[in-house]
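Here are my notes on the model you sent. Please read them with the structure open.

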Amino acid sequence: MESYKIGILKGDGIGPEIVDEGIKVIQKIAALNAFKVDFIDEKIGGDAIDAYGVPITDETLKVLSTCEAILMGSVGDPKYDHIAPELRPEKALLKMRKTLGLFANIRPARLYEALKEHSPLKSSILSDGLDICVVRELNGGIYFGEQVESADGQSASDLMAYSAPEVKRIAKIAFEMAMTRDKKVTSVDKANVLASSRLWRKTVIEVSKDFPEVTLEHLYVDNAAMQLIINPMQFDVILTSNLFGDILSDEMSVLTGSIGLLPSASINESKLGLYEPIHGSAPSIAGQNIANPIATILSVAMMFRYSLGRHDCADQIENAVLKVLNNGHRTIDLAGKDQKSLSTSEIGDLIAEAL
Ligand SMILES: NC(=O)c1ccc[n+]([C@@H]2O[C@H](COP(=O)([O-])OP(=O)(O)OC[C@H]3O[C@@H](n4cnc5c(N)ncnc54)[C@H](O)[C@@H]3O)[C@@H](O)[C@H]2O)c1
Ligand SMILES: CC(C)[C@H](C(=O)O)[C@@H](O)C(=O)O
Ligand SMILES: [Mg+2]
C-alpha cells in the first residue's frame, strides 16, 4: 500500500484546533483512496519554547527534512513578545523556511461565488470572480538581511538584500505558474526607491525572455496595494519579495471574505513543502473551537497537489470545501449577523463527510 510521511506542527493559538481538522481530512482521503499516512508530530513556536526552551530544535528540523510534506498551524503568542528576538516563536518559522530551503511561497486567493457578499468590494468590481496567485520569495530580502541594534537602544536597522540568482529562481516559479493560468505576471517592487528592487526588476525582465507567451507588468508596491482594491481583476500571478508578499497577501485575503480561507505552500527545489494557512495564531479566539479551518484544509489540498503529486485528492478536497460553502455552512468569521455559525470541528466534519 502506498504511504506518505507527513510532519505535523500544530504550534500555538488556534494552531492545534485547525490542524486537527486538516488531519481529519487527510485520514478520510487516505481511507477513500487506500493509502497510508504516517503522521510525525513535532513541536514549534511557543509550544516548543515551553517544552525545550527554544522555538524549534535541530532534531525537529532533521526529522522534518525526512518527511514528504509538513502541515503547520501557526506560531506566536503575546506572552512571548518580550523574550530575546532569537527565541521568539516566529523565529522558528523563519529558521525552518531557511534551513529546508523553502524559497517559493505560493498563496492563491479565490473568491467563491457563495461568499461574494462577504467581500468588502462592490460586486461591480468583482464581476468575474477573483482568482489571484501570489508568488512570494521566502528565503531572502529584509527577513534575512543583517540586523543591527545599537547598544544604547536608540537605533536599529534591517538590510533588504537580494542576489540575482535568488530573484531568478522565484521569478521562474511565477512564470511557470502563469503558464498554467492566464499567462500574466505582475511583478511588484519599489524600484523607484530601492536598489534591491531595481535588481529585482532587471532580473525578472531577463527571466521573462524565456516565457514569451506570458505578459509581464511591473507595479510599485504602493500602487499595487491600491490596485488590489480598485481593480483586482487585472491580476493573475503577483510575483514579489518576502516583505511585500507578506503584506499584500493579507490584504488580498480580505477580498475573498476572510483571512481564515487562504492556504499556502512553501516549496523547495526538491518539492518538499510546508503547508500552512496564511493567517497567524489568532490568540483572541484560541481554544474556543470557533476558528475557520478552511485555510488549513485547503493547504492540505495544496500538499496533495504540489508535494505528493495526488491531484485527484487535491481536487476532491477543494470540491468538498466548495460543497460545504455552497450549502451555506459558515464559521463565525463568515456568518451573517442573523446566521447560525458552526464550530471549527463541525466545519471539519462536514468537509470530511463531503469528500
Ligand atoms: N504563519 C504563522 O504562523 C503566522 C502568520 C501570521 C502571524 N503569526 C503570529 O500570530 C500572532 C497573531 O498575529 P496577528 O493577530 O497579527 O494575525 P492573525 O492572522 O493571527 O489574526 C489577524 C485577525 O484575523 C483573525 N483570524 C486569523 N485566522 C483566523 C481564522 N482561521 N478564523 C477566524 N479568524 C481568524 C484573528 O482573530 C484576527 O482578528 C502573532 O504572534 C504573529 O506573529 C503567525
Ligand atoms: C509569522 C511571520 C514570520 C510570517 C511572515 O511574516 O512570513 C507570517 O506573517 C506569514 O505570513 O507567514
Ligand atoms: Mg503574514
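1. Lysine 183 sits in the loop between α5 (164-179) and β8 (184-189). Helices (H or I, at least four residues) and strands (E, at least two) are DSSP runs, numbered from the N terminus. Lysine 183 has a positive phi of about 60°, although it is not a glycine. Most residues other than glycine have a negative phi. With 14 C-beta neighbours inside 10 Å, lysine 183 counts as partly exposed. The cut-offs: buried means 20 or more other C-beta atoms within 10 Å of the residue's own, exposed 12 or fewer, partly exposed in between, with C-beta atoms placed from the backbone.

2. Alanine 34 also calls for a look. Its phi is positive too, about 55°, and it is not a glycine. Alanine 34 lies in the loop between α1 and β2. Alanine 34 is exposed, with 8 other C-beta atoms within 10 Å.

3. A word on provenance. This is a predicted model: local features need pLDDT of at least 70, side-chain atom pairs count only at pLDDT 80 or more, and totals for chains, interfaces and linings use all residues. Residues are numbered from 1 along each chain as its sequence is written, while chains are lettered from A and ligands numbered from 1 in the order in which they are written.

4. Next, the strands around β1. Strand β1 (residues 3-11) runs parallel to strand β2 (residues 36-42), with 7 bridges between them. Strands pair if DSSP finds at least two bridges between them. Lysine 5 stands opposite aspartate 38 in β2. β1 also runs parallel to strand β3 (residues 69-74), through 5 bridges. There, glycine 11 has serine 74 of β3 as its bridge partner.

5. Ligand 1 has 21 residues around it, of which Gly76, Gly260, His279, Gly280 and Asn292 come nearest.

6. Overall, the protein chain has 11 helices and 12 strands. Its radius of gyration is 20 Å, close to the 20 Å that the globule rule gives for 355 residues, so the chain is as compact as a globular protein of that length. The radius is taken over C-alpha atoms, and the rule is 2.2 Å times the number of residues to the power 0.38. Buried residues make up 47% of the 355.

Key: Near = placed C-beta within 6 Å.
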